[in-house]
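Dear colleague,

Please find below the structure that I am handing over to you.

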Amino acid sequence: MPITSYLAHPHSGRKQRLIEALKALPNCDVVPAENENLLIAITETDNQEQDDKLKQTIENLESLKLLAMVSAIVRSFTAFKIEDKTIKKIAMVVTVAAQINLILLISELFKEFYAPTHHSESACYLFFGLHGKDALLPWIWTAIPLNVLATVLLTFHKLRNNFKVLFFSCFILFVAIWIEKGFGLIVPGFIPGP
């Protein structure tokens with residue numbers, strides 16, 4: 001019997017409507033947070049097919065803004081049993097996504113620095129500083145090694161199957177991508193060009 005837990009974020013002002021909609025679903029329990037606009041939805045079904053259908057039904061609720069699966073946290077801090085194969089399958093998806101992210105980063109670097117133009121100034125600012133301005137250097141040069149380290153750890157099957165290494169790798173990958181896309185993509189995009 002699959003037991004799955006989700007963090008459910010309702011649209012603003014629709015928390016009660018989402019609670020009622022989730023409680024109306026079969027095999028679904030709801031625990032609302034008292035101080036946040038957040039719900040925990042726990043589903044228990046007889047097989048994987050029913051679980052998939054129930055998840056699709058939940059995702060289609062009009063008052064739902066965001067649904068996040070929290071398998072690792074639930075597995076670590078509650079008595080709910082989440083099978084190893086479920087976490088391993090999600091880890092494989094994360095691994096492939098991390099590898100694709102690195103390939104795209106390398107492609108971006110190649111494009112920007114192979115034949116630099118005035119459009120490359122934001123990348124120059126981000127990676128090397130520009131005209132003595134280098135506020136983002138520590139951020140990006142922290143993000144890239146973290147990104148590479150997490151991807152390498154996830155790529156090796158033996159390391160990925162060790163859940164402590166897996167959770168650590170996912171955490172540093174999250175931080176690295178957050179820095180790279182947040183500080184590395186958004187901020188340089190607002191740097192005025194000539």
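This is a predicted model: local features need pLDDT of at least 70, side-chain atom pairs count only at pLDDT 80 or more; totals for chains, interfaces and linings use all residues.

Strands

Strand β3, residues 39–44, pairs with strand β1, residues 3–10. The two strands run in the antiparallel sense, and six bridges join them. As a point of reference, Leu-7 has Ile-40 in β3 as its bridge partner. Strand β3 also pairs with strand β2, which covers residues 28–32. This pairing is again antiparallel, over five bridges. Here you may look for Val-30, whose bridge partner in β3 is Ala-41.

Aromatic rings

A pair of aromatic rings is described by how far apart the centres are and by the angle of the planes. Five aromatic pairs were found when the whole structure was searched. One of them joins Phe-113 and Phe-128: the ring centres are 5.5 Å apart and the planes stand at 65 degrees. Angles over 60 degrees count as edge-to-face, so this pair is edge-to-face. Phe-113 is partly exposed at a relative accessible area of 28%, whereas Phe-128 is exposed at 54%.

Another pair is made by Phe-163 and Phe-167. How are these rings arranged, given centres 5.9 Å apart and planes at 15 degrees? Planes under 30 degrees apart count as stacked, so the pair is stacked. Both residues lie in helix α8 (residues 163–189), and because they are four residues apart, about one helical turn separates them. Phe-163 is buried, with a relative accessible area of 17%, while Phe-167 is partly exposed, with 30%.

There is also an aromatic cluster, formed by Phe-113, Phe-127, Phe-128 and Trp-141.

Charged pairs

Side chains of opposite charge can pair when their charged atoms come close. How many salt bridges does a search of the whole structure find? The search finds three.

In helix α2 (residues 48–59), Glu-49 and Lys-53 are four residues apart, about one turn of the helix. Their side chains form a salt bridge, with 3.4 Å from N to O. Both partners are on the accessible side of the scale: Glu-49 is exposed at 52% relative accessible area, and Lys-53 is exposed at 54%.

Lys-111 and Glu-112 form another salt bridge, in which the closest N and O atoms are 2.8 Å apart. Lys-111 is exposed, with 55% relative accessibility, but Glu-112 is buried, with 12%.

Glu-180 and Lys-181 also meet through their side chains in a salt bridge, at 2.9 Å from N to O. Is Glu-180 buried or exposed? Glu-180 is buried, with a relative accessible area of 5%, while Lys-181 is partly exposed, with 32%.

Cysteines

A disulfide is a covalent bond between the sulfur atoms of two cysteines. The structure holds zero disulfides. Cys-124 is partly exposed, with a relative accessible area of 22%, and Cys-170 is partly exposed, with 27%.

Two individual residues

Thr-151 lies in helix α6, residues 137–155. Its relative accessible area is 4%, and Thr-151 is buried because buried means under 20%. The side chain of Thr-151 reaches the backbone oxygen of Asn-147 at 2.8 Å. Which residues are in contact with Thr-151, leaving aside its neighbours within four places in sequence? They are Ala-98, Gln-99, Leu-102 and Leu-173.

Phe-168 is found in helix α8. Phe-168 is partly exposed, with a relative accessible area of 45%.

Yours sincerely

Key:
Residues are numbered from 1 along each chain as its sequence is written. Side-chain values use heavy atoms; hydrogens and water are left out. Rings of Phe, Tyr and Trp (its six-membered ring) pair if their centres lie within 6.5 Å; planes under 30 degrees apart count as stacked, over 60 as edge-to-face and the rest as tilted. Buried means under 20% relative accessible area, exposed over 50%, partly exposed in between (1.4 Å probe, protein chains only). A disulfide is a pair of cysteine sulfur atoms within 2.5 Å. A salt bridge is a side-chain nitrogen of Lys or Arg within 4 Å of a carboxyl oxygen of Asp or Glu. A polar contact is a pair of N or O atoms within 3.5 Å; within protein, one must be able to donate a hydrogen and the other to accept it, and residues adjacent in sequence count only if both atoms are side-chain atoms. Contact means heavy atoms within 4.5 Å. Two strands pair if DSSP finds at least two bridges between them.
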